Amino acid sequence: MYASQRGLTLIDVMITAALMSIIVLLSIPWLQETIRNSRMIDINNELAQALKFSRNLAMERNLRVTVCKSANGVSCSDDGGWEQGWIAFTDTNHNARYETAAESRLLVRNKVEGKLTMLGDPAVQNFVSYVGRGNAESTSGMPQSGAIKTCAHNRAGTGRRLWVAPSGRVDLVT
């Protein structure tokens, strides 16, 4: 009498390996999209926290606090997007420019890693400035509001938006 043999044949192993390879290859784009979305959410949350911190400090100290985009962490920038980084500072002369002698730098965010673009509407293109009442105001005293949109370089139609209301409130919008 012969004992029955158990196990896998070489063909069984090869078919299983081929199916696993196909599943892995099909899941890579989904995984990349998930990571990209997670990074956009994280960076939007980080900018929203910087804006909320600045607003709260402006109300607490009854002074103007400005958050501006900054490529070097030392001065405000008029070029590029918010992805180059930003600084928050007390804006004692109300000009939305960080001047080290007279103003205190409160926080610095260096360049955002990866291929993200963060562009603001005209009113919030370069800075968001809060006054003692907590409102967002331009340097001319006009209410400041608009969206800052974050998207991947190669995905112009998708992205996340951060909305700054004239009241100073910051909302994250998908």
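Which residues form a nonpolar patch on the surface? I11, I15, L19, I22 and L26 do, with about 530 Å² of accessible area together. L19 sits in helix α1.

Some ground rules. This is a predicted model, where local features need pLDDT of at least 70, side-chain atom pairs count only at pLDDT 80 or more, and totals for chains, interfaces and linings use all residues. Residues are numbered from 1 along each chain as its sequence is written, and side-chain values use heavy atoms, with hydrogens and water left out.

Nonpolar side chains are joined within 5 Å. Areas are Shrake-Rupley, with a 1.4 Å probe. Helices (H or I, at least four residues) and strands (E, at least two) are DSSP runs.

Now inside. A nonpolar core joins buried residues (under 20% relative accessible area) through side-chain atoms within 4.5 Å. The largest has 24 residues. L47, L51, W86, M118, Y130 and V164 touch the most other members. Helix α1 (10-61) and strand β7 (160-164) are among the elements that each supply at least two residues. The largest share, eight residues, comes from α1. Another core lies apart, with seven residues, including C76 and F89.

Take V164. Beyond its neighbours within four places in sequence, V164 is in contact (heavy atoms within 4.5 Å) with residues including L51, Y130 and R169.

Last, β7 and β8. Four bridges join these antiparallel strands; at least two make a pair. L162 has L172 as its bridge partner. Five residues separate the strands in a hairpin, and G168 in the turn has a positive phi of about 100°.

Notes
Buried means under 20% relative accessible area, exposed over 50%, partly exposed in between (1.4 Å probe, protein chains only). Patches are made of residues with over 30% relative accessible area and no salt bridge: like charges are joined within 9 Å, nonpolar side chains (Val, Leu, Ile, Met, Phe, Trp, Tyr) within 5 Å. A salt bridge is a side-chain nitrogen of Lys or Arg within 4 Å of a carboxyl oxygen of Asp or Glu.
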